[in-house]
Amino acid sequence: MSGIDPSEIDCASLTSMGQVRTSNQDYFDVFDAYPGNRLFVVADGMGGHRGGATASRLATETIGEVFHATKAEAADTLFEAITTANQCVYQASVDDPELRGMGTTVVCMLFGQDGRVWVAHVGDSRAYRLHRDGLEQITQDHSIVGEMVRRGLITDEEANRHPRRNEILRSVGVESEVDIDVAQVVASPGDRYLLCSDGLTSLVADDEICEVVRDYAPEAATEQLVAMANARGGHDNITVQVIAVADARPEPEADAAALAGTESQGSSLRWWIGAAIVLAAAAATWFALGVVASPGSLTAPGSPDSVKEAPPAP
Ligand code: CA
């Protein structure tokens, strides 16, 4: 277990209305809770101007409230938070005819103090992990085209142009109950994570996301990714959160130098003791051979050959 300290996570979030829409129905937030757990949330609302924005904000705020209030294990916390969010959004849509039918995607990432990362999602907002092996999509889209890609019927590129690309199979708040997927990964030092709405992934390919998240610090990475989606038409709202787990800490320089000095002194002392033992042994051997062998035939003392080749005693 890596023991990632959530307080040492560097993160940045950015949302953009895009170039076509007249409102931003995406929503995001970051919640901290004792003893150091940190929760990231991205939600992508749908259902009319007011409905979509209300659903994503209400779901995110409810998830944050449950996260602060509960003492449950991480997976149970995420289940409870999204289930409660579903009930709140659903009830609000039943109570207000203007909000009827609203819903939202949700993707949540919870960093625990034990180095584990829990990811829960509903819909097609995604979570990625950039590990030493490359970029890995942690979530699977709950969408028509996502299902078609998994079955090998269309490619990722075709999915982004498919007429049914906006149809999702699960959402928060549209029905009284919701199915939630929860996954868990173990964070390693240097890992980077990304949460985003489909306004990014429909316009920026995974290999491009990988390069940006790998090469830029979180704040610059969010700006770069949002700019790329906007430059390609920005047909949807775009929301991105980039999270960087600190690299393994190198030894502080002063300590490392002091340690090197201690090691050097220790090595030096051991060298002198070793040399003294070798010299004493050599002297003893020389003395013994000097007694039993003629000095002219004696080769350098210390090696077995020198003893073996010594002439017999007179
Ligand atoms: Ca969207």
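A salt bridge here is a side-chain nitrogen of Lys or Arg within 4 Å of a carboxyl oxygen of Asp or Glu. The model is predicted, so local features need pLDDT of at least 70 and side-chain atom pairs count only at pLDDT 80 or more, while totals for chains, interfaces and linings use all residues. Residues are numbered from 1 along each chain as its sequence is written, and side-chain values use heavy atoms, with hydrogens and water left out.

**Close-up A. Glu-98 and Arg-50 form a salt bridge.** The closest N and O atoms of this pair are 2.7 Å apart. Glu-98 sits in the loop between α2 (74-95) and β4 (103-111) and Arg-50 in helix α1 (residues 49-69), so the contact ties together parts that are 48 residues apart in sequence. Helices (H or I, at least four residues) and strands (E, at least two) are DSSP runs, numbered from the N terminus. Glu-98 counts as exposed at 59% relative accessibility, and Arg-50 is partly exposed at 40%. For these words, buried means under 20% relative accessible area, exposed over 50%, and partly exposed in between (1.4 Å probe, protein chains only).

**Close-up B. Asp-141 meets Arg-126 in a salt bridge.** Here, too, the closest N and O atoms are 2.7 Å apart. Asp-141 belongs to the loop between β7 (134-137) and α3 (144-150), and Arg-126 to strand β6 (residues 126-131), so the pair ties together parts that are 15 residues apart in sequence. Asp-141 counts as buried, with 9% relative accessibility, and Arg-126 counts as buried at 12%.

**Close-up C. Glu-208 pairs with Arg-232.** In this salt bridge the closest N and O atoms lie 2.7 Å apart. The pair links distant parts of the chain, with Glu-208 in helix α6 and Arg-232 in the loop between α7 and β10, 24 residues apart. Glu-208 is partly exposed, its relative accessible area being 24%, and Arg-232 counts as partly exposed at 39%.

**Close-up D. Aspartates coordinate the calcium ion.** The coordinating atoms are listed as Asp-44 (OD), Asp-44 (OD), Asp-198 (OD) and Asp-236 (OD), at 2.3 to 3.1 Å. Donors are N, O and S atoms within 2.8 Å of the metal (3.2 Å for Na, K and Ca); water is not among the atoms, so sites may look incomplete. Along the chain, the donors follow the spacing D-x153-D-x37-D. Asp-198 in helix α5 (residues 198-201) and Asp-236 in the loop between α7 (218-231) and β10 (238-245) link distant parts of the chain, 38 residues apart. Both Asp-198 and Asp-236 are buried.

Close-up E. Helices α4 (156-161) and α6 (206-215) each supply at least two residues of the negative patch. Asp-207 has its place in helix α6 and counts as exposed at 53% relative accessibility.

**Close-up F. Ala-55 is a buried residue of helix α1.** Its relative accessibility is 0%. Ala-55 and Thr-105 are 50 residues apart in sequence and 9.0 Å apart in space, C-alpha to C-alpha.
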